[in-house]
Amino acid sequence: NRSSDLWDQTVCLWDLKKESLLARLRCSRPDGDSPGLEGVITDLAYSPSRNEFAYSSSDKCIYIRKFAKQAAEMSICATLQGHEGEILQVKWNEHRQCWVTGSEDGTIRLWVEINLKIVGLLILVEWD
């Protein structure tokens, strides 16, 4: 299976063997009270060990969902916040068992598997 992310706040899950669309997940908020992103999806990554996928957003958040074949079963299990700028990348580090995110705010953050708290912060500095 493969996923793709779109500027219209939709994640599409594909079955590559059958070359068909498995599910289409609308990630925007249907109303002001429900969880969901307010920006566009900027990156998407999958964690095979946790059977989760995460997507980063221009709204400065990372959203983590359990993977399922039905869109209705893919509820948000965590929202990571802490970046001060648009998040450009999210990756799963299998060796460290953490999500890694990079942002326009010049930081790279490591989020541990256990409680999804920040365990590492790298600040990128411009040298003259």
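User: Among contacts in the protein chain with a separation of 6 or more, what share comes from residues 24 or more positions apart?
Analyst: In this predicted model, such residues account for 33% of those contacts.

User: Which secondary structure elements does the chain have?
Analyst: The protein chain has 11 strands and zero helices. Along the sequence the pattern is therefore β-β-β-β-β-β-β-β-β-β-β.

User: Which residues touch the most other members in the largest nonpolar core?
Analyst: That core has 14 residues, and those touching the most other members are Val11, Leu13, Leu25, Cys27, Phe53, Tyr55 and Met74. Two or more residues each come from E2, E3, strand E4 (41–47), strand E5 (52–57) and strand E6 (61–66).

User: And what else lies apart from it?
Analyst: Another core, of 11 residues, lies apart from the largest one; Ala54, Leu80, Ile87 and Trp92 are among its members.

User: Back to Met74: which residues does it touch, leaving out those up to four places away in sequence?
Analyst: Met74 touches Leu13, Ala23, Leu25, Phe53, Arg65, Lys66, Phe67 and Ala68.

User: Changing topic, how many aromatic pairs are there?
Analyst: The structure holds four aromatic pairs. In one of them, the ring centres of Tyr46 and Phe67 are 5.9 Å apart and the planes stand at 75 degrees, so the pair is edge-to-face.

User: Why does that pair tie together parts that are apart in sequence?
Analyst: Tyr46 lies in strand E4, whereas Phe67 lies in the loop between E6 and strand E7 (76–81), so the pair ties together parts 21 residues apart in sequence. Tyr46 counts as partly exposed because its relative accessibility is 40%.

User: Which residues do ring pairs link into a cluster?
Analyst: Phe53, Tyr55 and Tyr63 are linked in this way. Phe53 and Tyr55 also belong to the largest nonpolar core.

User: Which residues form a nonpolar patch on the surface?
Analyst: Trp14, Leu16 and Leu21 form one, with about 270 Å² of accessible area together. Leu16 lies in the loop between E2 and strand E3 (20–26), and Leu16 is exposed because its relative accessible area is 53%, against a cut-off of over 50%.

User: Last one: is Gln9 buried or exposed?
Analyst: Gln9 is buried, because its relative accessible area is 14% and the cut-off is under 20%. Gln9 is found in the loop between strand E1 (2–5) and strand E2 (10–15). The C-alpha atoms of Gln9 and Ile41 are separated by 6.0 Å, although these residues are 32 residues apart along the chain.

Key:
Residues are numbered from 1 along each chain as its sequence is written. This is a predicted model: local features need pLDDT of at least 70, side-chain atom pairs count only at pLDDT 80 or more; totals for chains, interfaces and linings use all residues. Side-chain values use heavy atoms; hydrogens and water are left out. Helices (H or I, at least four residues) and strands (E, at least two) are DSSP runs, numbered from the N terminus. Buried means under 20% relative accessible area, exposed over 50%, partly exposed in between (1.4 Å probe, protein chains only). Contact means heavy atoms within 4.5 Å. Patches are made of residues with over 30% relative accessible area and no salt bridge: like charges are joined within 9 Å, nonpolar side chains (Val, Leu, Ile, Met, Phe, Trp, Tyr) within 5 Å. Accessible areas come from the Shrake-Rupley method with a 1.4 Å probe; for residues, only the protein chains shown count as cover. A salt bridge is a side-chain nitrogen of Lys or Arg within 4 Å of a carboxyl oxygen of Asp or Glu. A nonpolar core is a set of buried Ala, Val, Leu, Ile, Met, Phe, Trp, Tyr and Cys residues joined through side-chain atoms within 4.5 Å. Rings of Phe, Tyr and Trp (its six-membered ring) pair if their centres lie within 6.5 Å; planes under 30 degrees apart count as stacked, over 60 as edge-to-face and the rest as tilted.
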